[in-house]
Amino acid sequence: MTTTITARWRTGLLYAGVVAVVAYCLAPFYWMLVSSLRRTSDIFDTSLLPAPVSFENYRAVFDPAQGFARALLNSLVVAGITTALALLLATFTAYAMARLEFRFKRLILTLIIATSMFPVVSIVVPLLKLFTDIGWINTYQSMIVPSMSFALPLAVWNLTTFFRQMPDELEHAAMVDGCTRGQAFRKVIIPLAAPGIFTTAIITFIAAWNEFLIALSMTNRPNMQTAPVAISKFTGATTYETPFGSQMAAGVLVTIPLVVMVLLFQRRIVAGLTAGAAK
Amino acid sequence: MAKTEIPPEAVAADGRTGPPPAPAQRARRPRRRTRATAGSARMAALLVSPTLLVLSIVVLYPTLMALNESLYGPKGLDPKTGFISSSEPFVGLKNYADIFGAAADRFWNAFWNTTFFAVVTVGLETVIGVAMALIMHRAFRGRALVRAGILVPWAVPTAISGLLWRWIFNSDGIANALIGRQILWTTEGFHAKVAVIVAEVWKTAPFIGLLVLAGLQVIPKEVYEAARIDGSGALRQFWHITLPLVKPALLVAMLFRCMDALRMFDLPYILIGAQKNSVETLSMLAQNEASNVRFGPASAYAVLLFLYVFLVALAFVRLLGADLVADGGRGAQNSRRRRMPLARRTEVTA
């Protein structure tokens with residue numbers, strides 16, 4: 001009898017712990033969501049639900065004067081192109097890292113991974129000067145090129161782990177059947193690695209989408225800013241009033257696509273993150 | 001010069017793209033796997049060189065440029081001729097001398113802020129992350145929900161989380177309402193540091209939890225059963241079994257978190273603001289100088305930050321034995337590799 005009671009207590013405690021973990025992770029995000037749905041007049045309300053649900057803040061975000069739609073488009077272009085380029089290069093490199101034997105392999109892989117730990121500001125400073133000289137400030141390429149410095153190592157590392165997990169026999173069988181290594185790669189490995197490539201794409205895209213320092217430094221015209229930079233520079237009706245409501249609403253809008261992706265592909269993302277043990 | 005540590009390797013690797021493998025290499029071949037033919041070496045060179053080329057352009061070249069730039073002063077009045085010169089004068093190590101001389105206060109303040117943030121956030125994240133992982137590991141129902149929830153802070157852009165916590169830490173915000181005090185969190189002072197740490201730990205502790213959870217799931221149950229039969233309690237089991245076995249995964253996670261904390265920029269910049277003494281990090285200092293078109297000092301700060309990060313990473317790998325690549329058959333990745341093929345295969349065939 002006593003054992004079942006202590007066992008029940010233990011389960012109760014465990015699930016209290018689980019609830020605490022989930023609350024810890026979601027409470028601040030929930031607060032952003034709730035605050036974004038309040039009216040400007042009751043933004044300082046502390047009730048857990050917005051009393052009258054209002055989309056006032058969301059309308060304010062899409063006020064043409066804020067230029068937020070353009071910022072979203074800029075973010076999409078920069079993060080999208082960065083991801084596509086990084087994946088294109090990383091797929092080949094990761095395949096070589098996982099499947100081929102060659103000299104300095106370990107060293108090269110270590111160097112590639114090491115670059116992902118590099119302080120971004122160390123390359124932003126010289127590139128800012130270079131891009132100023134050649135007139136690249138306020139262009140997409142001025143944000144895409146530096147972004148490759150973290151996106152490419154991230155993609156290489158994730159994909160290498162995915163390729164390593166695929167059984168060698170797959171290509172061996174293909175090569176026995178008369179494929180060259182290149183054909184085996186194209187016709188067997190790539191289609192089968194699609195889930196891994198897809199996961200890597202999501203992780204890389206999220207990293208590029210969340211980038212702030214490069215976008216902040218390389219742009220000074222509002223119409224070229226990415227969404228995170230644009231939101232951080234939102235202005236209210238008066239200079240002294242921080243427009244928290246519309247900042248929260250814009251924050252929700254920028255985060256929701258990522259949260260949806262995370263919810264849909266959580267199993268894959270967790271596998272990718274823990275395999276790469278990267279960002 | 002830690003700078004020169006990287007270039008020779010990258011150059012050596014690049015240089016290998018054209019010429020056929022050296023005889024010495026061929027002699028070593030038989031000891032390796034039979035697949036390693038001259039053809040595969042050429043193919044590897046072909047596949048790897050584009051990545052190395054791009055990384056040389058976006059990382060190596062700017063680093064060298066920063067090193068060079070840090071030796072030049074600002075454009076302006078030439079003291080010798082009295083004319084305004086359009087080129088930047090060579091000043092040697094003056095920028096560095098200034099950092100440790102005239103600007104020493106600001107530099108050391110930023111240095112200690114950076115170090116303080118890195119040590120405190122990584123320490124807290126590790127403790128909270130391990131605790132989260134232990135809870136999640138025990139819970140069987142609703143694990144998918146928990147895992148999805150835990151990924152949310154990771155997915156929120158750091159810039160957005162800065163704004164979110166700025167709102168929470170507002171003088172009339174929810175944080176003050178909850179603790180029933182009036183603290184001006186986002187003004188200068190120690191509380192600003194606390195605000196940054198809370199926000200940073202919120203965003204990244206779940207991530208460490210996730211990595212540790214993956215490490216926990218590899219530990220076979222039999223180990224714990226044996227320990228229980230031998231009469232060791234929960235605490236001893238954790239200290240002598242769980243912790244040593246998740247150590248490789250945990251170390252790599254901590255290394256990455258540490259590197260990330262040392263280059264912290266977005267969060268203090270948005271949560272508290274630029275040029276605030278209490279939270280200014282080395283990244284913020286360098287960016288601030290660069291945005292004021294003082295490229296020489298900015299580059300010098302960037303070089304110093306780079307050296308600092310490099311030394312910390314080296315210490316991690318040397319002293320604690322963090323194994324990044326896990327290619328040689330040891331470390332966390334390897335044990336995971338043994339476990340993963342099954343899961344992968346089911347996904348592949350599905």
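Predicted model: local features only at pLDDT ≥ 70, side-chain atom pairs only at ≥ 80, totals over all residues.
Figure 1. Helices are DSSP runs of at least four residues (H or I), and strands are runs of at least two (E). With that in mind, let us begin with residues 12-33 of chain A, a stretch that is 100% helix and 0% strand. Its end C-alpha atoms are 30 Å apart. An unreviewed UniProt entry places a "transmembrane region" here, and also at residues 71-95, 107-128, 140-159, 188-209 and 244-265 of chain A. Another of these spans, residues 244-265 of chain A, is 95% helix and 0% strand. There, the end C-alpha atoms lie 31 Å apart.

**Figure 2. Two helices of chain A packed together, α5(A) and α6(A).** Here you can follow helix α5 (residues 120-133) of chain A beside helix α6 (residues 141-165) of chain A. Their axes are 11 Å apart and form an angle of about 155°. Angles over 145 degrees count as roughly antiparallel, so that is how α5(A) runs relative to α6(A). The crossing of this pair, α5(A) and α6(A), is right-handed.

**Figure 3. The residues that meet between α5(A) and α6(A).** From α5(A) come A:Val120, A:Ile123, A:Val124, A:Leu127 and A:Phe131. Facing them in α6(A) are A:Ser142, A:Pro146, A:Ser149 and A:Phe150. Sorted by class, the contact of α5(A) with α6(A) has seven nonpolar residues, two polar ones and no charged ones.

**Figure 4. Where chain B touches chain A.** Now we turn to the two chains together: 93 residues of chain B are in contact with 90 residues of chain A. Which helix of chain B gives the most to the side that touches chain A? That is helix α3 (residues 38-69) of chain B, with 17 residues. By class, the side of chain B that touches chain A has 67 nonpolar, 11 polar and 15 charged residues. For the model, the scores are ipTM 0.87 and pTM 0.83.

**Figure 5. Confidence along chain B.** The average pLDDT of chain B is 78, and 77% of its residues score at least 70. Within chain B, confidence is highest in helix α5 (residues 104-138) of chain B, at a mean of 92. It is lowest in helix α15 (residues 332-349) of chain B, where the mean is 36. Please read two stretches with care. Over residues 1-36 of chain B the pLDDT is below 50, and the model gives this stretch 33 contacts beyond near neighbours in sequence. Residues 327-350 of chain B also stay under 50, with 28 contacts beyond four places in sequence.

How values were computed:
Residues numbered from 1 in each chain as written. Chains lettered and ligands numbered in written order. UniProt positions renumbered as here; feature names shortened; annotations may be inferred. pLDDT = per-residue confidence, 0-100. Contact = placed C-beta atoms within 7 Å. Nonpolar A, V, L, I, M, F, W, Y, C, P; charged D, E, K, R; others polar. Axes fitted to C-alpha atoms, helices over the stretch in contact; angles between N-to-C directions. Parallel < 35°, antiparallel > 145°, perpendicular 65-115°, else oblique. Left-handed = near helix turned anticlockwise from the far one by under 90°.
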